[in-house]
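I opened this notebook to record what I looked up in the model. The entries follow in the order in which I made them.

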Amino acid sequence: MANALDPHAAIATTATGLTDGALRTADGRPLVRALARSQSLARRRAFLLVLPLLAFILITFVVPIGQMLQRSFYNDGFSAHMPQLSQWFADNPRGVEPDDAAWTALATDLQAAAEGRTIGIVGTRINYDVPGTRSLFTSTGRQVRRGLEPPYQAALLDINEDWGSPQLWSAMRNAATPLTGNFYLAAVDRSRADDGSIVQVEERQQVYVMLFMRTFWLSLVITAITFILGFPIAHLLATLPMRKSNLLMILVLLPFWTSLLVRTTSWMVLLQQQGVINDVLVWLGVIGGSQRLQMIYNQTGTIIAMTHILLPFMILPLYSVMRTINPSYVRAARSLGATSWTAFRRVYFPQTLPGLGAGALLVFILAVGYYITPALVGGSSGQLISNMIAMHMTDTLNWSMAAALAALLLGAVLLLYWVYDRMVGIDNLKLG
Amino acid sequence: MTRRLIAGTALALIFGVAAQAQDGPINITTYGGAFGAAVNEAFVKPFTAETGVQATMVDNDNPPATLKAQVEAGNITSDVFDVEQSDVLRLCDEGLIEPIDPSILPAAADGTPAEDDYLPQALHECATAIMVWSTVIAYNTEAFPDAAPTTVADFFDTKTFPGKRGIIKRPKYALEFALLGDGVPADEVYDVLSTPEGVDRAFAKLDSIKDQVVWWEAGAQAPQLLADKEVSMTLAYNGRIFDAIVDEGKPFAFVWDGANLDMDYWVVPMGAPNRDVAMQFIAFASDPARQADLSKYIAYGPPRESASASVGTYKDGTTEMAPYLPTTPENAERAVVNDAGFWADHDTELTERFNSWLAGA
């Protein structure tokens, strides 16, 4: 049988096996099919080789991230546990006042949810939209567990008059379908008014848009600073004699290998008002003892610490590209009469662009997602959007909100990546 | 050979799982650090010594989030978790933790049943308190050689008591202290904070010292800021400041006025693999004498009244613990018990407003 799968054997036999014009193998099958079969076997074998990696990526990366992102537009906390009321909302369009059927559905669902210990989930879901309602649901739940008599409208309003609030009914209607865009609305400081229209939240509650802007602006600034600082260092690394450049390389890599927390804390020691730098400035008499500079727990501190931490990600790709640039190009330009500035601008710099692009993308994307450093040294003005994502993940446990914010951040980064690809071309990226 | 190896491994796995399902060993997840070490000494090691059941401490910087993730994924690796009060409400309401039958808890030495012996809010249908800790005002005594601050109002008085202030970078505690500093009586703080005017009032008070505030996020930052003289006064967790005073000899002192009392609780995740052993452990750790014993290792107070009297000295053998504990009657006199229900309702809303306020000029 092995012969049938071997294309060489097949070709050898076709010379003698001509019967109906088509090339055939020794056992009479068309050569085209035999070839396709043997090639698909080879492909399958190759696929089996990458299967473990594929499974690993799927299980540890694609599935969890997909599940997390799904929470941003799918939350069945209300609809799954309040089926009858959800059904009433589906049958009656917005604008219909809750009638007896609605109150009965609400009462039945509340009783079932209280018995099934799911009322907290329901209350938590509505609390995202109307703060303060979680306890309305749980306290009502404790009472209806003791029994509830019709007429339900009067009975529920008797337990708590907030049950009549139009805002609450509007929020329940919004939550009655598991698919929702409300978390995305909240992530851009918008919400749904009682009549279903989209409005801005109160000014004093607006925070996310501002934090998104600040995150992108600070990331841009940090990328620019790492470029200005990193470019000359990378050039030195690439052009110095081996022994000196090795030493320099160690100076670049040593902080790169040091723990992020250690480096952040060191900056705190250096920059704080009673810290090393302020002490030196006061000792030198540059500033008075009462005018110590505030260099940390604000945006300045965030920029300094993050620039330091991200600098190697700019230097290393630049260096690897610069090493491959043949110095004779610049020499040729100079010999043809270019000034050193022109030679740099027209000949050397364009050749470093692939490294610059890779470094800038790396630094920018890492900076956009940073949160430990801003959390520790950011104070009030150095907070980034990732700090809010972390807060929703760990403190308020509103994972849908965290997912919506993260999805927007991911979307923005992908968009930037696409723009970069259109403008510079992703093939021009070189990591080494 | 390979086949035999696979079969052997499979068998080992099956028996391993089966053995685990019967009688432990159990894992106990706490916030770790000094508290984790104290729990290990006061409860976990004695439990293993007495019952022979292997119990292991797991450090975690966010047990409630881990618990939620584990229960939802159906992969529970710890049988007992240490969580805060606000998390107890949320986790219990969402059906993520097992109800705890109060009748399993031992009575006090004089026969008082456990339900009458625990402090208010210390027993919950899904949780029992481990200990009481508090967020308090602490100051560096070297900063105020003449007159020491004694009230929350002094914290907001940067003229009489100059220097920067450290405040935790979240609305919880910051808003309560702001209202106390504005003259709201301790027992009305949460009533006032439930009204929009009350929230405005709290932010207005914070506004008055906004340019003097260093915001901190991790508990360890507070004593560090005091020691570096970055701030002269700060909100801090009492245990951290106690360690700095007693273990490191720092010149810090407490203002107990307005201390915000919180409790940590034992909870058992819904569907824990060793539920019965977990309950056994919780009953074991609820014994008043053992609760008092915890204060030997860390400056947290016992949640049972009968335990307070038997609190002794610190592990150094000389420091009397009572003056440093938030549960000692004279310290708790003007304390606010943190209202977890309020925060479960308003956390998101107030955190957004707080961050918006922080970012503003």
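I looked up the contacts of B:Asp182: leaving aside residues up to four places away in sequence, B:Asp182 touches B:Arg201 and B:Lys205. Two residues count as in contact if their C-beta atoms, placed from the backbone, lie within 7 Å. I found B:Asp182 in the loop between α7 (171-181) and α8 (189-193) of chain B. Helices (H or I, at least four residues) and strands (E, at least two) are DSSP runs, numbered from the N terminus.

I note that this is a predicted model, in which local features need pLDDT of at least 70, side-chain atom pairs count only at pLDDT 80 or more, and totals for chains, interfaces and linings use all residues. Residues are numbered from 1 along each chain as its sequence is written, while chains are lettered from A and ligands numbered from 1 in the order in which they are written.

I checked one separation: B:Asp182 and B:Gly32 are 150 residues apart in sequence and 36 Å apart in space, C-alpha to C-alpha.

For chain B as a whole, I recorded 16 helices and ten strands. Of its 361 residues, 51% count as buried. The C-alpha trace of chain B spans about 80 × 45 × 40 Å along its principal axes. Among contacts in chain B with a separation of 6 or more, 73% join residues 24 or more positions apart.

Definitions and conventions: A residue is buried if 20 or more other C-beta atoms lie within 10 Å of its own, exposed if 12 or fewer, and partly exposed in between; C-beta atoms are placed from the backbone.
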